[in-house]
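Here are my notes on the model you sent. They are set out as numbered points, each on one part of the structure.

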Amino acid sequence: MTQPALHFYDFGEGVKAFSSTRKGGCSEGNYAEFNINHYCGDSEEAIQRNRASLCQFLGISDDRLVMPHQVHQTKVVAVDEAFLRLSVEARKERLEGVDALMTDLVGVCIGVSTADCIPVLLYDRAKRVSCAIHAGWRGSVRRIVETAVEAMISTYGSFPSDLLAQIGPGIHLESFEVGDEVYETFAKEGFAMETISQRFPAADGSSIEKWHIDLPMCNRQQLLSKGIPQSQISVSEVCTFQQFETYFSARRLGINSGRIFTGILML
């Protein structure tokens, strides 16, 4: 069985945290090679084979690999023992419209799918709680990262000072050209635009300049605003748009392409 090529993050002992690359799977075309997302048009057979290889590598059963159907909102769901007892259909319903998962269960890998959007992993090293967040521009402007931190605090009693954070591969400032309406949406929500936006020459080669948004910085600021120490926040240097041959990029490959899976598993 082909083994997925994963990029790992250091959260200390007892935790496996990673983002998948495009390598080490059996999907084809714009899904090649490793994709486990059911909602982007890939072959179900390929998805299942890729899931099986990931689960084998992680040492867990398929029912302990949990990912939601994301919709660019701010719903956070806790994966607990009651969730694990649900039927396949009930699980699917529970994960519909969810953009962040959290758990205190050992041996359960939670994760999110991205292809230019920003994945964020959180780990509470004191309470042993993990969280995986999908933060596209819509989720970022709705402050999903702040919502997720608040959910960890209210559900598990987490303290921000105990949280480690990893911002994963996503589209970076230089590549994320947006329309004026997107810029205005962030501005209206009170973001410090001088710190998360910049004008660059338009990608179409015209003489005008277009706004670009720094999504990693936007989410880093949200983590800081909730009290997570700067020294405990790491940011991936990978821009998916620029490195689309290694990481999926919907802007480069189209929406009918694979997705990066960023997951965290407590051992």
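1. A nonpolar core here is a set of buried Ala, Val, Leu, Ile, Met, Phe, Trp, Tyr and Cys residues joined through side-chain atoms within 4.5 Å. The model is a predicted one. Its largest nonpolar core has 39 residues, and those touching the most other members are Val 120, Leu 122, Ile 133, Phe 186, Ile 213 and Leu 223. Helix α5 supplies the largest share of this core, with seven residues. A second, separate core holds 22 residues, including Tyr 9, Val 66, Val 77 and Val 112.

2. What does Val 120 touch, once residues up to four places away in sequence are not counted? The list is Cys 131, Ala 132, Ile 133, Val 145, Gln 166, Ile 167 and Leu 223.

3. Two packed helices are described by the angle between their axes and the distance between the axes. For α5 (residues 144-156) and α8 (residues 215-225), the axes come within 8 Å and cross at roughly 30 degrees. The crossing of α5 past α8 is right-handed. By class, the contact consists of four nonpolar, three polar and one charged residue.

4. Arg 128 is not a glycine, yet has a positive phi of about 60 degrees. Arg 128 sits in the loop that runs between β7 (118-124) and β8 (129-135), and counts as partly exposed because its relative accessibility is 25%. Arg 143 likewise has a positive phi of about 60 degrees without being a glycine. The place of Arg 143 is the loop between α4 (137-141) and α5, and with a relative accessible area of 23% Arg 143 is partly exposed.

5. The backbone also contains a cis peptide bond, from Ala 32 to Glu 33, with omega near 0 degrees. Glu 33 belongs to the loop between β2 (15-20) and α1.

6. Arg 64 is in the loop between α1 (44-58) and β3 (65-66). Is Arg 64 buried or partly exposed? Its relative accessibility is 26%, so Arg 64 counts as partly exposed. Gly 107 is 43 residues away in sequence, while the C-alpha to C-alpha distance between Arg 64 and Gly 107 is 7.1 Å. Leaving out residues up to four places away in sequence, Arg 64 touches Leu 84, Val 106, Gly 107, Val 108 and Cys 109.

7. Ser 197 lies in strand β11 (residues 197-201). Ser 197 is buried because its relative accessible area is 12%, the cut-off for buried being under 20%. Its side chain reaches the backbone oxygen of Met 193 at 2.5 Å. Apart from neighbours within four places in sequence, Ser 197 is in contact with Tyr 183, Trp 211, His 212 and Ile 213.

8. Where is Ser 257 found? Ser 257 is in the loop between α9 and β14 (260-266). With a relative accessible area of 0%, Ser 257 is buried. A polar atom of the Ser 257 side chain lies 2.6 Å from the backbone oxygen of Gly 254. With residues up to four places away in sequence not counted, Ser 257 touches Asn 30, Tyr 31, Cys 40 and Ala 250. Ser 257 and Gln 198 are 59 residues apart along the chain, with 29 Å between their C-alpha atoms.

9. Gln 242 is in the loop between β13 (233-235) and α9 (250-253). Its side chain makes a polar contact with the side chain of Ser 175, at 3.0 Å. Gln 242 and Ile 171 are 71 residues apart along the chain, and their C-alpha atoms are separated by 8.0 Å.

Methods. Residues are numbered from 1 along each chain as its sequence is written. This is a predicted model: local features need pLDDT of at least 70, side-chain atom pairs count only at pLDDT 80 or more; totals for chains, interfaces and linings use all residues. Side-chain values use heavy atoms; hydrogens and water are left out. Axes are lines fitted to C-alpha atoms, for helices over the stretch in contact, and angles run from 0 to 180 degrees between N-to-C directions. Helices (H or I, at least four residues) and strands (E, at least two) are DSSP runs, numbered from the N terminus. A crossing is left-handed if the near helix is turned anticlockwise from the far one by less than a right angle, and right-handed if clockwise. Ala, Val, Leu, Ile, Met, Phe, Trp, Tyr, Cys and Pro count as nonpolar, Asp, Glu, Lys and Arg as charged, and the others, Gly among them, as polar. Buried means under 20% relative accessible area, exposed over 50%, partly exposed in between (1.4 Å probe, protein chains only). Contact means heavy atoms within 4.5 Å. A polar contact is a pair of N or O atoms within 3.5 Å; within protein, one must be able to donate a hydrogen and the other to accept it, and residues adjacent in sequence count only if both atoms are side-chain atoms.
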